[in-house]
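Dear colleague,

Please find below the structure that I am handing over to you. My notes on it follow.

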Amino acid sequence: MSTALVCGAGGFIGGHLVKRLKREGFWVRGVDLKFPPFAETEADDFVVGDLRDQSFCRQIIDRKFDEVYQLAADMGGAGYIFTGEHDADVMHNSATINLNMLDACQKRNVRGMFYSSSACMYPEHNQKDPDNPNCAEDSAYPAAPDSEYGWEKLFSERLYLAYNRNYGMRNRVARYHNIFGPEGTWEGGKEKAPAAVCRKVAQAASHGEVEIWGDGTQTRSFLYIDECLEGTIRLTRSDFEGPVNVGSEEMVTINQLVDFVSDIAGKKVIKKHIPGPLGVRGRNSDNRLIGQKLGWKPSATLRSGLEKTYEWIERQVRSNMRAAA
Ligand code: NAD
Ligand code: GDD
């Protein structure tokens, strides 16, 4: 039986990845500071612990793993990473996890790991025009990410590739572009725009106001979780080390995102643009390299992913309201 270790298995992408690997017949160990908050873990073994602790990282690699996925990080959406309030923790926590896990895996002869970098590592100067951002993989340098979160991702992706060169590991690096779906963080300050907009629309009265940070003309693309897992697994099992974008090329403005969600909800809402943390002006995935190397591209539209996500978030909102009543 094939075996996998998923670090960050209590989080959004890690939780879904565990389910996917179980469907494929893997024996899976999940590791996280916490259990998944919205559904029982499907991991065969789930270890609660802190990957900033080097001896803990060594302990969890006490057997042979065919695949190791390193998704654990101190992360969140614009409201968490662009305010500047968490910069030191984000850099310290995530870099420590990556340093520890690489050291432990190399010393325990793990063949290679998958690492989830982020589109936040791309330079701000190429993402100023909302209609025409450049996120081609080779546009990364000269480096100038607009957040410390992005700088840590850039450092860590270099670290994974250095272990490939110096220790003959087979690490794989993906640059995720804003992943969304059910069972993702949808409240509390770490949620990203798709979840935040679904929550705000679900909470709004018909013809009520929905607050949007900025003027809403900033652009992004969003990738549905199932597509992300397919890209992740294909990269992990390929001969291509990356770094490579795993994202969607269906770029929309945040105003268009709100229009999609309000249409799905069957509600008319009034957009109220307010000041807030904005991040780059425009961002879109560039899927030419992943298409060439892995023959991968997303298979479904943003709208179809938003329909499933809205349905799940609306249920959370209703059940919270019932609990508070
Ligand atoms: P998430 O926050 O839901 O999951 C990350 C998990 O890591 C959390 O459950 C957290 O408890 C765990 N963790 C943090 N510190 C830990 C520690 N010291 N020890 C053990 N576990 C720890 O985030 P996600 O959306 O599932 O993202 C997974 C990975 O993908 C992260 O590395 C993130 O930076 C990267 N990424 C995500 C997106 C996205 O849009 N979701 C975009 C780009 C990159
Ligand atoms: N989160 C959030 N909440 N964003 C909002 C809101 C809101 O209520 N209203 C408008 N926005 C705007 C933000 O100001 C930003 O301009 C845009 O929506 C997208 O915000 P996020 O989805 O929170 O983050 P991001 O796309 O800037 O960065 C995300 O994606 C990266 C990968 O592409 C983050 O999740 C990063 O952690 C991730 O690495």
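**Second largest pocket**

Asp66, Glu67, Val68, Arg111, Gly112, Met113, Phe114, Arg170, Arg172, Thr236 and Arg237 line the second largest pocket (an open set of points on a 1 Å grid over the protein atoms alone, where a 1.4 Å probe fits, with protein on both sides within 12 Å along at least five of seven lines; lining residues have an atom within 4 Å of a point). Two or more of these residues come from each of strand S4 (67-70) and strand S5 (113-118), strands being DSSP runs of E of at least two residues, numbered from the N terminus. The space in this pocket is about 180 Å³, taken as that filled by probe spheres set on the grid points, which are joined across faces, edges and corners.

This is a predicted model, in which local features need pLDDT of at least 70 and side-chain atom pairs pLDDT 80 or more, while totals for chains, interfaces and linings use all residues. Residues are numbered from 1 along each chain as its sequence is written, chains are lettered from A and ligands numbered from 1 in the order written, and side-chain values use heavy atoms, without hydrogens and water.

**Domains**

An automatic or database assignment divides the chain into domain 1 (3-179 + 224-246) and domain 2 (182-221 + 250-279 + 300-319). Their C-alpha centres are 26 Å apart. Each domain gives 23 residues to the contact (heavy atoms within 4.5 Å).

Two salt bridges are counted between the domains (a side-chain nitrogen of Lys or Arg within 4 Å of a carboxyl oxygen of Asp or Glu). Lys19 forms a salt bridge with Glu183, with 2.8 Å between the closest N and O atoms.

Yours sincerely

Definitions and conventions: Helices (H or I, at least four residues) and strands (E, at least two) are DSSP runs, numbered from the N terminus.
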